[in-house]
Amino acid sequence: SAIGLFAIFAVDLVDVFFIAMLGHPELAAAVGFAGTALFFGAAIGIGLSIATSTVVAQAIGAARHDVAGRVATHGLLAGLCLTIPLTLFSLVFARELIALLGAEGETLDLAVVYFRIVVASLPILGIGMAGTSLLRAVGEARLSMWATIIAGLVNAVLDPIFIFGFGLDLAGAAMASVLSRCTVAGLSLYYIASRHQLIQRPAPGELLADLKQLAAIAIPSLITNLAGPLGAAYATSQMARFGTDAVAAAAVVGRITPVAF
């Protein structure tokens, strides 16, 4: 689990590393602003993945594999139902959301481009988070680790190709991140479906009861995880008062710290 988490945070660090090689502080600052806004969507995915994996683990512990599969399926559907409207809202109001953090001028324009590309994959990120959590719930921590490591390697390989090879700069880094998310979501779904049969046909008659059970865990988890993005948003807005270089520096430090942690 520790190695898997390391790989997740390393993806963001790799992005900033290659972007910093371009030598323009406003690019790193744009990633800092966009990353703070993206943090909110990730917090929702984390809350739902905690709830889904917890209830599934309890069902497996009680030898109720049919219930585990049903709850896993309903949890994934609930994640999509939440993240798709949030994604659409974020795409429409991307400029306004990032401007609230203090971005302006060219940095704001760059941040919006990066944000819109990456936030479009928010539902995929939610599936990836839930999938890796479900793998740990069924005792497959090693598979969960490999899914995130492979996704990290995909990002590390594609970043220089898209940024320097194709000359896409910030948009290239965003595209590499999206493909990395697709990789972890695809691998985790494949494993939980083929090896553990946790993907089933939805059961409408049990949907409401399962959602209530999931909400009892998801809502406290979601509120807890929103504390981080709120703090980061406030810190970023205050840092923006000191200029682009300051936000760029904070973006670099903000990617190193979770990897070290």
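**Reading pairs and cores in a predicted helical model**

Colleague: At 36% relative accessibility, what does Arg 95 count as?

Modeller: Arg 95 counts as partly exposed, because its relative accessibility of 36% falls between the limits of 20% for buried and 50% for exposed. Please keep in mind that this is a predicted model, with a mean pLDDT of 93 for the protein and 100% of its residues at 70 or more. Among the elements of the protein, helix H1 (residues 2-20) has the lowest mean pLDDT, 86, while helix H4 (residues 94-99) has the highest, 96.

Colleague: With which residue does Arg 95 form a salt bridge?

Modeller: The general idea is that side chains of opposite charge can pair when their charged atoms come close. In this structure Arg 95 forms a salt bridge with Asp 109, and the closest N and O atoms are 2.9 Å apart. The pair joins distant parts of the chain, since Arg 95 belongs to helix H4 and Asp 109 to helix H5, 14 residues apart. Asp 109, at 37% relative accessibility, also counts as partly exposed.

Colleague: How many salt bridges does a search of the whole structure find?

Modeller: The search finds 3 salt bridges. One of them connects Asp 210 with Arg 70, whose closest N and O atoms are 2.7 Å apart. This pair links helix H9 (residues 204-239), which holds Asp 210, to helix H3 (residues 65-92), which holds Arg 70, across 140 residues. Asp 210 is buried, with a relative accessible area of 2%, and Arg 70 counts as buried at 19%. In another, the side chains of Arg 195 and Glu 140 meet at 3.5 Å, N to O.

Colleague: How should I read the aromatic pairs, and how many does the search find?

Modeller: A pair of aromatic rings is described by the distance of the centres and the angle of the planes. The search of the whole structure finds 5 aromatic pairs. In one of them, the rings of Phe 18 and Phe 164 have their centres 6.3 Å apart and their planes at 70°, so the pair is edge-to-face. It links Phe 18 in helix H1 with Phe 164 in helix H7 (residues 141-165), 146 residues apart. By contrast, Phe 89 and Phe 93 form a tilted pair, with 4.9 Å from centre to centre and 40° between the planes. Ring pairs also link Phe 17, Phe 18 and Phe 164 into a cluster.

Colleague: Which residues touch the most other members of the largest nonpolar core?

Modeller: In soluble globular proteins, nonpolar side chains tend to be buried together. The largest nonpolar core in this model has 32 residues, of which Ile 19, Phe 33, Ile 98, Tyr 114, Phe 115 and Leu 170 touch the most other members. Several helices supply at least two residues each, among them H1, H4 and helix H5 (105-119), and H2 gives the most, with 9 residues. Leaving aside neighbours within four places in sequence, Tyr 114 is in contact with residues including Asp 15, Val 31, Leu 38 and Leu 170. A second, separate core of 20 residues includes Val 56, Val 67, Ala 72 and Ile 192.

Note on methods: Residues numbered from 1 in each chain as written. Predicted model: local features only at pLDDT ≥ 70, side-chain atom pairs only at ≥ 80, totals over all residues. Heavy atoms only, no water. pLDDT = per-residue confidence, 0-100. Helix = DSSP H or I, 4+ residues; strand = E, 2+ residues; numbered from the N terminus. Phe/Tyr/Trp six-rings, centres within 6.5 Å; stacked < 30°, edge-to-face > 60°. Core = buried A, V, L, I, M, F, W, Y, C linked by side-chain atoms within 4.5 Å. Buried < 20%, exposed > 50% of the residue type's maximum accessible area, 1.4 Å probe, protein only. Contact = heavy atoms within 4.5 Å. Salt bridge = Lys/Arg side-chain N within 4 Å of Asp/Glu carboxyl O.
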